[in-house]
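Here's a quick tour of a few spots worth a look. Have the sequence and the 3D view open as you read.

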Amino acid sequence: MTSSVSPEIERLLTSEPLMAHLATSVDDRPHVAPVWYHYDDGVVEVLTTGQKLQNIRQNPKVALSIQKDESGQAQWRVTLLGTATVVDDEEATHEAVSRINPKYGVDLDAWSDNVLVRIDVGSVTANTY
């Protein structure tokens with residue numbers, strides 16, 4: 001996939017292991033929760049379960065927000081809007097676990113019930129402060 005995300009935004013998204021907040025919505029009821037992520041070429045991968053996964057299965061339109069702070073002061077923020085796809089493939093999930101879990105310092109077998117979700121980025125907004 002060719003990314004519409006600028007090289008500067010890509011650098012921010014891949015610079016360090018930051019927490020993202022994933023927003024889903026079903027029946028006009030929003031749900032926001034923190035997730036770990038991997039970004040590459042216009043696609044964000046997350047591993048998740050529970051309400052987030054249930055919501056994505058019903059409504060694939062999602063938002064993801066990532067922000068970098070230093071001493072309580074925002075340095076930058078990126079908001080991505082996109083379409084999520086649940087990937088029910090054991091090999092693809094294992095590959096995503098191999099990218100995401102080490103980034104955040106956890107074992108490959110941590111949270112083994114997580115399911116892979118890929119988000120194709122549709123639009124991006126960003127600010128640096």
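## Ground rules

Two strands pair if DSSP finds at least two bridges between them. Strands are DSSP runs (E, at least two residues) and helices are too (H or I, at least four), both numbered from the N terminus.

This is a predicted model: local features need pLDDT of at least 70, side-chain atom pairs count only at pLDDT 80 or more, and totals for chains, interfaces and linings use all residues. Residues are numbered from 1 along each chain as its sequence is written, and side-chain values use heavy atoms, with hydrogens and water left out.

## The β3–β4 hairpin

Strands β3 (residues 37-40) and β4 (residues 43-48) run antiparallel, joined by 4 bridges. Asp40 has Val43 of β4 as its bridge partner. There are 2 residues between the strands of this hairpin, and Asp41 in the turn has a positive phi of about 50°.

## A stacked pair

The structure holds 1 aromatic pair. The ring centres of Trp36 and Tyr104 are 4.7 Å apart and the planes sit at 5°, so this pair is stacked. For such rings of Phe, Tyr and Trp (its six-membered ring), pairing needs centres within 6.5 Å; planes under 30 degrees apart count as stacked, over 60 as edge-to-face and the rest as tilted.

Trp36 is partly exposed at 22% relative accessible area, whereas Tyr104 is buried at 15%.

Definitions and conventions
Buried means under 20% relative accessible area, exposed over 50%, partly exposed in between (1.4 Å probe, protein chains only).
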